[in-house]
Amino acid sequence: MIIGVPKEIKNREFRVSMTPSGVAELISRKHQVLVQRDAGLGSGFSNEAYTAAGASVIDHAEAIYAQADLIIKVKEPLPSEYSLIKEGQIVFTYFHFASSEELTKAMIERKAICIAYETIQKADHSLPILTPMSEVAGRMSIQIAAHYLEKGNGGSGKLMGGVPGVKPARVLILGGGVVGTQAAKMAAGLGAEVVLMDINLSRLRYLADVLPANVTCLYPTKSLIGEYLLQTDVLVGAVLIPGGKAPVLASRSMIESMPKGSVVIDVAVDQGGCIETCKPTSHEHPIFLVKDVIHYCVPNIPGAVPATSTNALTNASLPYLLQLADKGWKDACKQSGEIQKGLSIVKGKVVDAMLAKTFQLSLQDITESLDE
Ligand SMILES: NC(=O)c1ccc[n+]([C@@H]2O[C@H](COP(=O)([O-])OP(=O)(O)OC[C@H]3O[C@@H](n4cnc5c(N)ncnc54)[C@H](O)[C@@H]3O)[C@@H](O)[C@H]2O)c1
């Protein structure tokens, strides 16, 4: 199979979808890999490193899309990339369809085979390709929040952990999955007073056992969230309904009740956000204010630390890419329930029930697509 690795073009996205060692693995199985010139530079991988691994380095994305059977990316295709995608081409990347009807309709129109990293799911319900980026984003959310709490950066001027004799900052985390847990560990490690809320009671029980004593695990109700926000310095949004739009857990009036100079980081913005006042921002213009509350809503947070993120992403995506490349998408999906969960759109037909529901689109039975 011919596999294409185009350069990411989203704002300040420095990750690349495949490391040279991942390329070498594909080449050893007799696949051909086309890497766009300079695609890996942001992550520390030179064009020469890709050539040494066996890839062909190609100048323009157009030539890669024109030749490749499978395009592997990091972020969702942007409008300028839509028309490059060919009918029947496999596109394997983070799509986060629920946050963009435009992208969903564009992929239906292109008649591609869209396999979403973020909905590939193991039998235990974990999301193996989302997890590493959630680990990065969860950890980063707290270092970003600490930065914006500084007075010079517009914040209230509180130190996360306080000092002996002075209270620490209060951090509220909505969602206790991968992002929420990593954020809680980082905030607790800095000495903040942390509250983590999740509707999954068995998850809460587990977290209450393993997290440090300065993390309190609570079941969220609207009134409890409202009550806590009155005295919260940092709010982290980290909920997820796989494949669906995030539920809104904090309303505009709740956010406006937060102390002046407090910071909201809605990590769930890539699935539409779980905070009413959230709208997507970029690494170039990461924040905006809502009544003196700083909002940071960057949908590709891990893109800022590509040296870590690219390696973590390839570790997770490569085993699935190898199956797709070796077997073709149909057999890979038939033989692996995990990959089948990632199948979202097949040649113009939506096969992911949650996606069809989100935009009220007709749903094609997945087995029909696999038997066609
Ligand atoms: N902005 C970024 O750069 C970035 C990077 C990585 C992940 N993300 C996003 O972060 C979000 C969280 O990802 P994750 O890997 O932690 O997901 P996860 O599935 O591990 O965790 C989500 C948690 O949300 C909880 N939840 C669901 N509905 C809830 C509700 N109504 N109230 C409270 N909790 C609720 C679930 O029980 C679960 O524990 C996703 O939208 C993901 O795409 C964003």
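What does the accessible surface of the chain come to, and what share of it belongs to carbon and sulfur atoms? The accessible surface comes to about 15400 Å², and 53% of that area belongs to carbon and sulfur atoms. Such areas come from the Shrake-Rupley method with a 1.4 Å probe, and for residues only the protein chains shown count as cover.

## Basis of the report

This is a predicted model, in which local features need pLDDT of at least 70 and side-chain atom pairs count only at pLDDT 80 or more, while totals for chains, interfaces and linings use all residues. Residues are numbered from 1 along each chain as its sequence is written, and side-chain values use heavy atoms, with hydrogens and water left out.

## Overall form

The chain has 15 helices and 15 strands. These elements are DSSP runs numbered from the N terminus: helices are H or I runs of at least four residues, and strands are E runs of at least two. The radius of gyration is 21 Å, close to the 21 Å that the globule rule gives for 372 residues, so the chain is as compact as a globular protein of that length. The radius is taken over C-alpha atoms, and the rule is 2.2 Å times the number of residues to the power 0.38. Along its principal axes, the C-alpha trace spans about 65 × 45 × 35 Å.

Of the 372 residues, 55% are buried; this term means under 20% relative accessible area, whereas exposed means over 50% and partly exposed lies in between (1.4 Å probe, protein chains only). A contact means heavy atoms within 4.5 Å. Among contacts between residues at least 6 apart in sequence, 63% join residues at least 24 apart.

## Charged side chains

There are 35 positive and 37 negative side chains in the chain, and the centres of the two sets lie 3 Å apart. Lys and Arg count as positive and Asp and Glu as negative, while His and the chain ends are not counted. The place of each charge is taken as NZ of Lys, CZ of Arg, CG of Asp or CD of Glu.

Strands of a sheet pair through backbone hydrogen bonds, either parallel or antiparallel. Here, two strands pair if DSSP finds at least two bridges between them.

In contrast, β6 (residues 113–116) and β14 (residues 343–346) are antiparallel, with three bridges; I113 has V346 as its bridge partner. V346 also stands opposite K349 in β15. Strands β14 and β15 (residues 349–350) run antiparallel and are joined by two bridges. Their hairpin has two residues between the strands, and K347 takes a positive phi near 45° there.

I265 stands opposite V236, and V264 stands opposite H295. V263 and I265 point one way from β11, V264 and D266 point the other way, and all are buried.

## A buried serine

S317 lies in helix α11 (residues 306–327). This residue is buried, because its relative accessible area is 0%. Leaving aside residues up to four places away in sequence, S317 touches S17, M18, I72, F92, Y117 and I129.
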